[in-house]
Structure formats: C-alpha cells, structure tokens
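Please read these points with the model open beside them. They cover some charged contacts, a pair of strands and a pocket.

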Amino acid sequence: MKGFGRDLPKFQALGAQVLGISYDDQSTQHKFAVHCAADFPFLSDEGGKTAEQYRSAGGMGPFRFAQRRTFVVDRAGVIRFVYDGMPNNEAILKDLGSLKAKS
C-alpha cells in the first residue's frame, strides 16, 4: 500500500481512483492507512462478500483472508486487468496508460 500512496499522483494523472479493501473493520483500516501514509480510501469487507465476488477469498472457517490482488476496473465497471501478489506499479501504470489512450 505504501507504493500506491507514493505513486498516487501518477495514478490520478491517468484518471484512476485507488482504493484499499480488506476484511478488517473501519478502525483497523484507518490505523493501517495512517501507518502506510496512504491518502486514498480504505474500504471494509468484514463479511468477505466483495472478496468472494472478486474470487479473492482465501482460507477456511475462522482463518479467512483476502488474497492480495489488484484490479483495474474501467468506467463502465468492466475488469480490464488483474494482478496477483505484490503490485508492480509500473506495470499497472503502463496498462492504465494504454486504457486512457484507447478512450
């Protein structure tokens, strides 16, 4: 998340909205955002419904977690790119640039 915060102006210049989301409650999300110095919204998916819909839920029973995954969703709500694991901001920015060039 620190990388997204560091590169936030680059994402915004390409018209992107960066969001963080996890199973954590809002209080925990806020502490994490402060820790990462991230100046973008963090959303709580306490029940895991969003993670399930995006096929990002992991674990079983009480040991559930959201897999680290980054989605690029266009203005029409279509998922254009999915990145698993730690994000490579340069690759994401390149793909965002290609979407912007097509619009």
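1. Lys 10 is partly exposed, at 44% relative accessibility. The model is a predicted one. Lys 10 forms a salt bridge with Glu 90, and the closest N and O atoms are 3.9 Å apart. Because Lys 10 lies in helix α2 (residues 8-13) and Glu 90 in helix α5, this pair ties together parts that are 80 residues apart in sequence.

2. Arg 6 and Asp 7 also meet through their side chains in a salt bridge (3.7 Å, N to O). Arg 6 is exposed, with a relative accessible area of 60%, whereas Asp 7 counts as buried at 6%. A network of salt bridges links Arg 6, Asp 7, Lys 10 and Glu 90.

3. Another salt bridge joins Arg 69 to Asp 84, with 2.4 Å between the closest N and O atoms. Arg 69 is in strand β5 and Asp 84 in strand β6, so the pair ties together parts 15 residues apart in sequence. Arg 69 is partly exposed, at 25% relative accessible area; Asp 84 is exposed, at 54%. In total the structure holds five salt bridges.

4. Strands β5 and β6 (residues 79-84) run antiparallel and are joined by five bridges. Val 73 stands opposite Ile 79 in β6. The two strands form a hairpin with five residues between them, and Gly 77 in the turn has a positive phi of about 85°.

5. The largest pocket has a volume of about 1,400 Å³. It is lined by 41 residues, and those closest to its centre are Gln 17, Leu 19, Thr 70, Phe 71 and Val 72. Elements that give two or more residues to this lining include β5 (69-73) and α5 (89-102). By class, the lining has 22 nonpolar, 10 polar and nine charged residues.

Definitions and conventions: Residues numbered from 1 in each chain as written. Predicted model: local features only at pLDDT ≥ 70, side-chain atom pairs only at ≥ 80, totals over all residues. Heavy atoms only, no water. 1 Å grid on protein atoms, 1.4 Å probe; cavity = no way out; pocket = protein on both sides within 12 Å on 5 of 7 lines; lining within 4 Å. Points joined across faces, edges and corners; volume = space filled by probe spheres on them. Helix = DSSP H or I, 4+ residues; strand = E, 2+ residues; numbered from the N terminus. Nonpolar A, V, L, I, M, F, W, Y, C, P; charged D, E, K, R; others polar. Pairing = 2+ DSSP bridges. Salt bridge = Lys/Arg side-chain N within 4 Å of Asp/Glu carboxyl O. Buried < 20%, exposed > 50% of the residue type's maximum accessible area, 1.4 Å probe, protein only.
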